[in-house]
Amino acid sequence: MRIVLFQPDIALNVGAVIRTAACLNCPVDIILPCGFPVSRKALQRSGMDYVELAQLTTHASWDAFLDANSSARLVLMTTKGAQNAAHFNFKDGDCILFGRESAGAPPHVHARADERLRLPMFGEARALNLSISVAMTLTLAYQQRGLFLELE
């Protein structure tokens with residue numbers, strides 16, 4: 001599985017995602033442009049030494065990402081998803097895609113996604129923080145796939 005961030009806005013969220021992904025040995029793809037300068041130094045400021053542990057790939061555009069991952073199933077996490085992620089069957093090769101913090105994923109990304117899922121929330125809350133959403137989704141997927149059992 002891979003975590004994919006579509007044009008993220010907030011460096012600190014990306015740093016937290018990188019840290020989570022490094023701890024769980026999950027590659028991270030960042031699709032440019034971002035709402036902050038993307039450089040190794042900038043990422044290290046937000047992701048600390050976990051940037052060195054992470055499997056991190058940046059893509060110059062959405063099309064460049066698609067070219068590099070043409071055979072992967074794209075699973076978009078969105079507040080507009082009809083299916084609860086807790087009931088979804090994640091697969092090892094999935095690219096789990098998250099939209100921008102400010103605007104989510106645009107229509108052309110929704111159209112290309114193979115699956116659109118949501119994380120369940122109570123009440124009238126709009127959305128969870130990006131890094132929390134990534135952690136929750138990876139927890140669901142790893143638990144389902146039995147990957148946490150390998151870490152004992």
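I take buried to mean under 20% relative accessible area, exposed over 50%, and partly exposed in between, with a 1.4 Å probe and protein chains only. At 17% relative accessibility, His110 therefore counts as buried.

**Ground rules.** I am working on a predicted model, in which local features need pLDDT of at least 70, side-chain atom pairs count only at pLDDT 80 or more, and totals for chains, interfaces and linings use all residues. Residues are numbered from 1 along each chain as its sequence is written, and side-chain values use heavy atoms, with hydrogens and water left out.

**His110.** I placed His110 in helix α5, residues 107–112. For contacts I used heavy atoms within 4.5 Å. Setting aside neighbours within four places in sequence, I found His110 in contact with Leu76, Thr78, Lys80, Ala105 and Arg116.

**Fold.** I counted six helices and seven strands in the protein. Helices (H or I, at least four residues) and strands (E, at least two) are DSSP runs, numbered from the N terminus. Read from the N terminus, the order is β-α-β-α-α-β-α-β-β-β-α-β-α. The radius of gyration is 14 Å, close to the 15 Å of the globule rule for 152 residues, so the protein is as compact as a globular protein of that length. That radius is taken over C-alpha atoms, and the rule is 2.2 Å times the number of residues to the power 0.38. Along the principal axes, the C-alpha atoms fill a box of roughly 40 × 40 × 35 Å.

Of the contacts between residues at least 6 apart in sequence, 75% join residues at least 24 apart.

**Helix α1.** I checked the length of α1, residues 11–23. The expected span is 1.5 Å times one less than the number of residues. For its 13 residues that should give 18 Å, and the end C-alpha atoms are 18 Å apart, which agrees. Buried residues in α1 are Asn13, Val14, Gly15, Val17, Ile18, Ala21 and Ala22. Just after α1, Asn25 has a positive phi of about 55 degrees.

**Thr20.** I then looked up Thr20, which is in helix α1. Its relative accessibility is 21%, so Thr20 counts as partly exposed. Apart from neighbours within four places in sequence, Thr20 is in contact with Ala135 and Leu138. I also noted that Thr20 and Ser131 are 111 residues apart in sequence and 8.3 Å apart in space, C-alpha to C-alpha.
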